[in-house]
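Work through the following exercises with the sequence and the model beside you, and try each task before reading its solution.

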Amino acid sequence: MGETKKAQVRAMFDSIAPKYDLLNHLLSFGVDRLWRRRMVGAVAAAAPEEVLDVAAGTGDVAIAMARRMPRVRITGIDLSGEMLAVGRGKVARLGLDGRIVLKEGDAERLPFPDASFDAVSIGFGIRNFGSIEAGLSEAFRVLRRGGCLYILEFSTPCGRLFGPLYRFYFHRILPRVGRVVSKDRGAYSYLPDSVDHFPDNLLFLRMMGDAGFTGCRDRRQMRGIAYIYEGRKE
């Protein structure tokens, strides 16, 4: 099941890679940039030297970290070769290819030795893993002692008014706009479905703890549309 999901996710993101950045900013009204900046700010506060960005996609998180932390070295990894190709183009244009390396690979079988990184980040990617538990376990393995995991992921907001309005947009409007712009019939129907099936914030914090992380906490973004999660490897 997990391998089938990964193959489907790879094919889907390969298909929408040329329009991915445009649609992200358009469909979130630009708020995705703010959430990424907040996660990057949390990473920067720990002053890491070596960072692994998992599910790096088109490189937005890696680029934001390189700009925020002039001495950091970032390795990005993603299943989708087409997404990474877009990311490499952006990195090269910005002159950051000396500090950012983007590689194709599997988040659940990371091709790095134990204790290789000071921090691991995952921006809007962990819900796409075939096994969330395996992805968390691998992140823990490649972190050095004292290193932290930072995750930014969508959730389902509550509230008697805001919750239903958001769900209407997320399930009815967003998939239609996404299909028109990306020309992919399935990709932007997959997005709300994947968020619906992702664990809520309390369950996800427990999963981080089960993977070995301590001091796990979350920060709610815009009434629960997204959360930033943090956990440490002691």
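**Exercise 1.** Which helices and strands each supply at least two residues of the lining of the largest cavity?

*Solution.* The model is predicted, so local features need pLDDT of at least 70 and side-chain atom pairs count only at pLDDT 80 or more, while totals for chains, interfaces and linings use all residues. Residues are numbered from 1 along each chain as its sequence is written, and side-chain values use heavy atoms, with hydrogens and water left out.

Start with the search of the whole structure, which finds one cavity of 30 Å³ or more; its volume is about 350 Å³. A cavity is a set of points on a 1 Å grid over the protein atoms alone where a 1.4 Å probe fits but cannot get out, and lining residues have an atom within 4 Å of a point. The volume is the space filled by probe spheres set on the points, which are joined across faces, edges and corners.

Next, read off the elements, which are DSSP runs numbered from the N terminus (helices H or I, at least four residues; strands E, at least two): helix H1 (2–27), strand E1 (50–54), helix H3 (60–68) and strand E2 (73–78). The largest share, six residues, comes from H1.

**Exercise 2.** How many disulfides does the structure hold?

*Solution.* A disulfide is a pair of cysteine sulfur atoms within 2.5 Å, and the structure holds zero. For cysteine 148, the closest cysteine sulfur is in cysteine 216, at 9.6 Å, which is too far for a bond.

Technical notes
On a 1 Å grid over the protein atoms alone, a cavity is a set of points where a 1.4 Å probe fits but cannot get out, and a pocket is an open set with protein on both sides within 12 Å along at least five of seven lines; lining residues have an atom within 4 Å of a point.
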